[in-house]
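Subject: Structure handover

Hello,

Here is the structure I promised you. Please load it first, then read the notes below.

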Amino acid sequence: MVTKEEVENIIKGIVDEDFVKSIEVDEKGNVTVTLAKDTPNIDDVLIKLNTELGKIEGVGTITINREREKKTEENVELNKDVILEKLKEVIDPEIGVDIVNLGLIYQLDIRPDNTVYVKMTMTTPGCPLTMWILRAVEDKILEIPGVKDAEIELTFDPPWSPEMISEEYKKRLGLF
């Protein structure tokens, strides 16, 4: 069973403790870390934390959050179309197509507290841009007025295939 102390020791070796806002380890070994919004070199820190925490025996799901500014926008109605349009701004740099038209978004839910949940995949489990794309998805969702928080789940079930690309982009890419 993974302990909070093991997790803290790994984190201290990667990021200054002034930027660590909270660390939680539950009874299943799931780890949740919240970092300050101004954590330096955040992309490198996210990759290193995910890699090193994943090496600890007994670790379950690893969730790394960033501290958020509190938004006070009341009475803003969110809908899936607005969120999907915003997510079209996230382009897979290797393919040059947005993640919505690539078919990477499997599920999108808006919770009663205006937290947006996205279940998504990558074109391949070994995608070197995974952390960058996940962060871009989170950032774009959080730009939408009225969104309280974003929760992004990465899955490879079912695995992505070119058949998941939208009909419009299949034509543009010459896959028809």
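Start with helix H1. H1 lies across strands E1 and E2, and its direction makes about 145 degrees with that of E1. Some terms before going on. Helices (H or I, at least four residues) and strands (E, at least two) are DSSP runs, numbered from the N terminus. Contact means heavy atoms within 4.5 Å. Axes are lines fitted to C-alpha atoms, for helices over the stretch in contact, and angles run from 0 to 180 degrees between N-to-C directions.

This is a predicted model, where local features need pLDDT of at least 70 and side-chain atom pairs count only at pLDDT 80 or more, while totals for chains, interfaces and linings use all residues. Residues are numbered from 1 along each chain as its sequence is written, and side-chain values use heavy atoms, with hydrogens and water left out.

**First sheet**

E1 and E2 belong to an open sheet of three strands, in the order E1-E2-E3, with mixed pairing. Two strands pair if DSSP finds at least two bridges between them. E1 (20–25) and E3 (62–66) are the edge strands, each pairing on one side only. On average, neighbouring strands here are turned by 10 degrees against each other, direction ignored.

E1 and E2 (residues 31–35) run antiparallel, joined by five bridges. Valine 20 stands opposite leucine 35 in E2. Valine 25 stands opposite valine 31 in E2. The hairpin of E1 and E2 has five residues between the strands, and glycine 29 takes a positive phi near 90 degrees there.

**H1 and H2**

What does H1 meet in H2? Val7, Ile10 and Ile11 in H1 meet Leu49, Glu52 and Leu53 in H2. The residues of this contact divide into five nonpolar, no polar and one charged. The axes of H1 (residues 4–12) and H2 (residues 42–54) come within 10 Å and cross at roughly 140 degrees.

E7 and E8 run parallel, with six bridges between them. Tyrosine 117 has glutamate 151 in E8 as its bridge partner.

Buried means under 20% relative accessible area, exposed over 50%, partly exposed in between (1.4 Å probe, protein chains only).

How far apart are the end C-alpha atoms of H4? They are 18 Å apart, which agrees with the 18 Å that its 13 residues (130–142) should span at 1.5 Å a residue. The expected span is 1.5 Å times one less than the number of residues.

**Single residues to look at**

- Aspartate 81 is in H3. Aspartate 81 counts as exposed, because its relative accessibility is 58%. Its C-alpha atom and that of proline 128 are 29 Å apart in space, at 47 residues apart in sequence.
- Glutamate 143 sits in the loop between H4 and E8. Its relative accessible area is 43%, so glutamate 143 is partly exposed. The C-alpha atoms of glutamate 143 and lysine 86 are separated by 8.7 Å, with the two residues 57 apart along the chain.

Two backbone details remain. Most residues other than glycine have a negative phi, and most peptide bonds are trans.

- Asparagine 114 is not a glycine, yet has a positive phi of about 70 degrees. Asparagine 114 is in the loop between E6 (105–110) and E7.
- Aspartate 157 and proline 158 are joined by a cis peptide bond, with omega about 5 degrees. Proline 158 lies in the loop between E8 and H5 (167–172).

Best regards

Notes
Ala, Val, Leu, Ile, Met, Phe, Trp, Tyr, Cys and Pro count as nonpolar, Asp, Glu, Lys and Arg as charged, and the others, Gly among them, as polar.
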